[in-house]
Every structure is written in C-alpha cells, then in structure tokens.
Amino acid sequence: MTVGPTRSGAHLQRAKGFPVISRTVTTATGTPSRSRSLQPWAVAMSSAAAAAATSFAAKFAASPAPSRRCLPLRGSPSPRRAVAMMAVSTPRSSAAAAFLERRESERAVHFVKYHGLGNDFIMVDNRDSDVPKVTPEEAVKLCDRNFGVGADGVIFVMPGVNGADYTMRIFNSDGSEPEMCGNGVRCFARFIAELENLQGIHSFKIHTGAGLIIPEIQNDGKVKVDMGQPILSGPDVPTKLPSTKNEAVVQADLAIDGSIWQVTCVSMGNPHCVTFGTKELKVLHVDDLNLSDVGPKFEHHEMFPARTNTEFVQVLSHSHLKMRVWERGAGATLACGTGACAVVVAAVLEGRAERKCVVDLPGGPLEIEWRENDNHVYMTGPAEAVFYGSAVH
C-alpha cells in the first residue's frame with residue numbers, strides 16, 4: 001500500500017493503521033530510487049500519526065472548494081520533478097510495534113515540502129503563534145538528508161506584524177537564521193495560496209528580517225517577487241573591504257589561498273560576495289570550481305563579519321549569466337534567489353551585463369531585472385510542492 005502525493009483526507013484515512021517503517025523516493029516516471037529505514041526525525045505514519053495527518057489535510061480542505069483537496073504539481077511530469085511515495089508495511093515484531101505505539105504519543109510537526117529550482121524547504125504552518133514550532137537544533141535534524149526529512153532549511157508562515165500580511169522566518173540546515181531567502185519566499189507565497197485556497201494572481205506583504213518583501217503569484221504559477229533595493233554601502237552589506245566606487249565595493253581585491261579574487265559586494269537584505277574570477281583568470285568557468293573547497297573560505301573570511309553568501313559567475317552574454325553559489329549556513333545549493341539578484345546587480349556595476357538577465361543556476365533559470373526607474377530588483381521563478389508529511393520528535 002502507498003500513500004501518494006495528494007493531501008486528500010480520504011486518501012490518508014485509507015492508510016490509517018499502517019505504520020510507515022521505510023521510505024522509497026519515486027520519480028514521476030514511477031522508478032524507485034532508494035529505500036531506507038527511517039530514523040527518529042524521518043517522516044512517520046502510525047495510526048495516530050495518520051489521524052494527525054488527516055487532521056492536517058483537513059486544514060487544507062476546510063473550504064468546500066474541491067480544488068483544495070489536492071496538492072497538484074504544475075506542468076507536465078518530468079523525471080527531474082520528484083514525488084515522494086511512502087512505502088507502508090506492518091511491523092514485524094512486538095518491539096517494533098511498541099516503538100511505534102510510543103511514538104504515537106509524541107508531538108508531531110506537520111509540513112509540506114516545497115522547492116524552488118531544487119532549493120528545498122520544509123514549510124510549516126505557524127500562523128497560530130509567533131514562536132516557531134521547531135527549534136534551531138530540531139531544524140538541523142529535520143534538514144539532515146540521511147537521518148531526517150532533508151532540506152536546505154525550515155520556513156515558518158507566521159502572523160504578520162507592522163501591517164504585513166504574514167511574517168517569514170527561516171532556520172538554515174545548520175540552525176542559523178538568515179534574514180531572508182529568495183527561493184524560500186517564492187515557496188512561501190505558493191504555500192500561502194494553498195493554505196488560503198487562493199486562485200489566480202495574488203500578492204502578499206511579507207515581513208522578513210530583510211524588511212518588507214512582496215511576492216506575486218502569476219497566472220502561469222510562477223512567482224514574481226519585488227526584492228526591494230540593493231544595498232551597496234560596504235559597512236551595510238556588511239564587509240570590511242574598502243569601497244572602490246563611491247561607497248560601493250566593486251571589483252575589490254580579496255586574497256584567498258594565495259590568489260587574488262576580484263569581488264563585488266551586494267546586500268539583498270542578506271550579504272553577498274559576487275566574483276567573476278581572479279586577477280590571473282579573467283574568464284571563470286564555474287563548472288570547474290571545487291565549490292566545497294573554496295566556498296567556505298569566502299563564507300568565513302575575516303572581511304565578512306556576518307559571514308557571506310558567495311556567487312561565482314560566468315558571463316554567457318550581456319543578458320545571460322551562469323552562476324554557482326555557496327550559501328551562508330547551507331553550503332552548496334542548487335539555487336539562491338537573493339544570490340541571483342546580487343549577481344545581476346554586480347554585473348551591471350562592473351559593466352558586464354544589462355539590467356534584465358536570465359541567470360542559470362544548477363537547478364534551473366531565474367529571470368532577474370534591476371529596474372532603473374525605481375532601483376528595485378525583481379525576481380521571477382517557479383516554486384513547487386513536492387510532498388507533505390508529519391515529523392515526530
């Protein structure tokens with residue numbers, strides 16, 4: 001028996017009484033990729049957890065509108081778009097049964113897994129409290145890809161403050177809390193639309209650590225986000241590198257392991273260090289980088305008192321850029337929305353690109369525009385639901 005990627009209460013009820021003791025991740029083509037025993041932070045569904053999941057699904061289905069009773073993936077299925085299937089079987093021993101019964105009494109966190117170009121998040125409905133339902137330490141366990149659900153971070157939908165519709169908080173996979181996340185805010189908007197049963201074009205005012213962010217869901221399902229104005233003053237990024245162009249740090253020298261990298265520093269509410277190469281290597285081929293080696297050396301460099309996200313960029317044309325990113329607190333990820341915005345700003349400041357670009361990331365492309373009339377940066381890209389579940393702890 002399997003529990004598939006719908007959130008129908010009836011579907012969940014059919015699974016009631018069958019504890020989940022392993023998980024098989026199955027692609028959209030139906031090919032299982034792997035199965036493993038679940039650890040304490042893995043997705044579980046005993047009889048009580050199934051009832052809890054049914055209750056969670058009922059929150060989504062509270063409206064009589066039939067469209068609330070499923071969690072569709074937009075577009076044609078493709079092998080890249082993974083769907084989680086829960087393999088359900090009965091316990092083989094009294095010890096296993098006792099273990100699962102004990103788990104039934106423990107607190108469960110219900111979630112929906114989303115991703116934006118492979119930058120994936122555990123989304124938690126936290127609208128009833130301004131205190132996150134998961135601690136930073138618990139977030140680290142949840143995000144573990146071997147012993148937990150697996151994600152780049154946990155995002156909480158919380159009550160709005162200061163006139164905002166909602167508040168967004170994030171715990172990274174290392175437990176740190178960033179100011180904001182571009183891919184995460186697109187997932188946030190789509191999650192709200194599902195929670196509130198919204199159809200068509202909708203925008204929201206989201207309070208974040210980087211200020212007010214306004215995402216707008218488009219008719220094609222993509223999310224366009226007004227990311228606000230870039231911050232270019234060195235101390236406000238923050239960086240200790242001296243300014244080179246008015247108050248901005250543009251093509252400044254940064255020493256890493258004996259090489260001099262030329263970097264431009266931009267904040268999109270969180271710090272970014274953007275580089276197009278070293279003084280010796282004028283054209284950077286980002287696919288050749290050993291990101292796990294060089295990335296941490298940028299992130300923890302003494303010139304960045306709050307640490308930094310780092311983008312390595314290859315110019316394909318004046319309107320087409322390619323980047324890889326090392327994210328502060330998360331490491332190498334498939335996409336970074338604020339990073340893509342910072343890349344276009346840096347490319348314009350260095351005279352390498354136009355104000356409207358397609359930025360290729362390992363997870364796919366984003367459309368970025370730095371408008372001259374209002375100085376705001378606009379990001380457009382997808383956000384998709386992958387699966388839902390309950391995590392016990």
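**Cysteines and cavities**

Reply: Let us begin with a single residue: in this predicted model, cysteine 273 has a relative accessible area of 0% and is therefore buried.

Me: How many disulfides does the structure hold?

Reply: In general, a disulfide is a covalent bond between the sulfur atoms of two cysteines. The structure here holds 0 disulfides, and cysteine 273 accordingly takes part in none, the nearest cysteine sulfur, that of cysteine 265, being 4.9 Å away.

Me: Is cysteine 181 buried or exposed?

Reply: Cysteine 181 counts as buried, because its relative accessibility is 10% and the limit for that class is under 20%.

Me: Which residues are the closest to the centre of the largest cavity?

Reply: The structure holds 2 cavities of 30 Å³ or more, and the largest has a volume of about 140 Å³. Of the 18 residues that line this largest cavity, Asn172, Pro178, Met180, Cys181 and Glu327 are the closest to its centre.

Me: Which strands each supply at least two residues of that lining, and what is its make-up by class?

Reply: Strands β6 (119–125) and β8 (166–172) each supply at least two residues of the lining of the largest cavity, and by class that lining comprises 7 nonpolar, 8 polar and 3 charged residues.

Methods
Residues are numbered from 1 along each chain as its sequence is written. This is a predicted model: local features need pLDDT of at least 70, side-chain atom pairs count only at pLDDT 80 or more; totals for chains, interfaces and linings use all residues. Side-chain values use heavy atoms; hydrogens and water are left out. On a 1 Å grid over the protein atoms alone, a cavity is a set of points where a 1.4 Å probe fits but cannot get out, and a pocket is an open set with protein on both sides within 12 Å along at least five of seven lines; lining residues have an atom within 4 Å of a point. Grid points are joined across faces, edges and corners, and a volume is the space filled by probe spheres set on the points. Helices (H or I, at least four residues) and strands (E, at least two) are DSSP runs, numbered from the N terminus. Ala, Val, Leu, Ile, Met, Phe, Trp, Tyr, Cys and Pro count as nonpolar, Asp, Glu, Lys and Arg as charged, and the others, Gly among them, as polar. A disulfide is a pair of cysteine sulfur atoms within 2.5 Å. Buried means under 20% relative accessible area, exposed over 50%, partly exposed in between (1.4 Å probe, protein chains only).
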